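Trainee: Before I use the labels in this description, I would like to see where each one comes from.
Mentor: Then ask about them one at a time.

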Amino acid sequence: MARCPLTNVRAGRKTVDGDAVGQVALNHDDQDDLLMKRIAQGHPRAMRELTTMAGSRLYAFAARILGNNADAEDVTQEAVIRAVRYAPRWQSGTARLDTWLHSVVLNLSRDRLRKRQRTSTAEVPDSADAALNPEEALIELERGQQVSAAVGQLPERQREAIMLVHYQDMNAADAARVLDVSIEALESLLARGRRSLKQELLAKENRI
Amino acid sequence: MSPSTQPIDLAQFKAVAETYGSDINRWPSEVQVSARLLASRPGGASILQAEADFDAVLDQWTMPLPSPPFRQQIAATAANSVRRSWGTTRYWWAAIGLAAALSGAVTGTAGTAMFVMPQHVAGDTIFGDFDDEGDN
């Protein structure tokens with residue numbers, strides 16, 4: 001297994017439960033506690049915040065994993081239902097809400113993929129920018145599909161690591177929590193994933 | 001420099017950049033201070049630019065926003081879940097109230113029975129005290 005040289009730099013931090021991670025997460029804990037408390041009470045503004053997040057960020061994550069809009073919508077809805085039901089029992093300091101929701105979406109999506117027994121590249125949603133002219137839109141769509149196909153060919157864990165860190169803009173600690181791995185393991189997955197994608201995509205660009 | 005920050009050299013900077021990409025905010029928090037310093041120098045800047053170019057390639061895979069009806073549907077689902085949750089809570093409070101009432105009734109009955117019991121003497125029946133009659 002390829003090891004990232006960064007492992008040698010951070011000798012004192014072997015898992016995501018380390019102090020440094022905890023200090024970073026503390027800033028978000030109070031906000032998450034308050035939000036979940038208000039969701040449990042059915043506070044309209046808190047509910048809007050949850051559904052806005054689900055309708056954009058979580059949906060995009062599910063859609064990338066599943067490659068299917070209908071399944072992504074189902075998974076997103078289920079994640080919202082679980083968040084609302086879990087809200088009264090939310091415990092401070094266990095996880096960040098964003099991380100927790102991503103874990104729920106990831107697990108639900110994995111279940112769906114296992115049931116379907118096919119890869120996420122089977123159905124790539126159309127995603128060209130409507131503001132472009134048809135020719136530009138087609139080129140952009142093709143490029144997007146090439147990237148989607150390349151990411152879809154990665155081993156499952158590498159694909160998930162790339163999606164969380166690059167596409168969901170998650171930091172190392174949160175992505176490691178969602179995948180339930182150490183930061184060193186996450187780095188190994190990311191490094192191998194990005195290396196494979198570079199070989200695949202940059203070689204394709206050079207051929208063009 | 002705070003205790004949670006660790007200095008890295010250019011080789012380590014390159015390794016981290018190739019792992020996490022060009023956005024230093026995604027990097028492990030303890031190397032970010034050192035990384036920003038290196039990124040401001042020519043060697044680090046060129047490494048970061050190469051990763052930014054690759055990030056731009058990855059960003060070509062965009063996702064469309066879900067349709068407005070779906071967003072409304074999520075909002076409705078969330079609201080229904082809260083109502084169901086409150087309905088369940090009310091059900092449990094009702095059940096607890098009923099249980100308390102029943103246990104009160106049982107306690108009252110048992111208490112009354114215990115209060116009467118000491119006056120009861122062996123041999124007493126509702127038809128009279130057979131032992132007393134026998135003794136006489």
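Predicted model: local features only at pLDDT ≥ 70, side-chain atom pairs only at ≥ 80, totals over all residues.

Mentor: Residues are numbered from 1 along each chain as its sequence is written, and chains are lettered from A and ligands numbered from 1 in the order in which they are written.

Trainee: Why is H7(A) called oblique to H8(A)?
Mentor: The two helices pack at an angle of about 140°, with their axes 10 Å apart. Angles under 35 degrees count as roughly parallel, over 145 as roughly antiparallel, 65 to 115 as roughly perpendicular and the rest as oblique, so H7(A) is oblique to H8(A). The axes are lines fitted to C-alpha atoms, for helices over the stretch in contact, and the angle runs from 0 to 180 degrees between N-to-C directions.

Trainee: Which residues make that contact?
Mentor: On H7(A) they are Arg157(A), Glu160(A), Ala161(A), Leu164(A) and Val165(A), and on H8(A) they are Ala175(A), Val178(A) and Leu179(A). Contact here requires C-beta atoms, placed from the backbone, within 7 Å. By class there are 6 nonpolar, no polar and 2 charged residues; Ala, Val, Leu, Ile, Met, Phe, Trp, Tyr, Cys and Pro count as nonpolar, Asp, Glu, Lys and Arg as charged, and the others, Gly among them, as polar.

Trainee: What makes H8(A) mostly covered?
Mentor: Of its 8 residues, 7 are buried. A residue is buried if 20 or more other C-beta atoms lie within 10 Å of its own, exposed if 12 or fewer, and partly exposed in between. The buried residues of H8(A) include Asp174(A) and Arg177(A).

Trainee: Why is Asp180(A) called exposed?
Mentor: Asp180(A) has 10 other C-beta atoms within 10 Å, so it is exposed. It lies in the loop between H8 and helix H9 (183-207) of chain A, and has a positive phi of about 60° although it is not a glycine.

Trainee: Why is Asp169(A) called partly exposed?
Mentor: Its count is 13 other C-beta atoms within 10 Å, so Asp169(A) is partly exposed. Asp169(A) sits in the loop between helix H7 (156-167) and helix H8 (172-179) of chain A, and its phi is also positive, about 60°.

Trainee: What makes H4(A) and H5(A) oblique to each other?
Mentor: Helix H4 (residues 69-86) and helix H5 (residues 97-116) of chain A pack at an angle of about 135°, with their axes 9 Å apart. They are therefore oblique to each other.
Mentor: Not counting residues up to four places away in sequence, Ala62(A) touches Ala72(A), Val75(A), Thr76(A), Val105(A) and Ser109(A).

Trainee: How many residues of chain B are in contact with chain A?
Mentor: There are 38, against 46 residues of chain A. H4(B) gives the most to that side of chain B, with 10 residues.

Definitions and conventions. Contact = placed C-beta atoms within 7 Å. Helix = DSSP H or I, 4+ residues; strand = E, 2+ residues; numbered from the N terminus.
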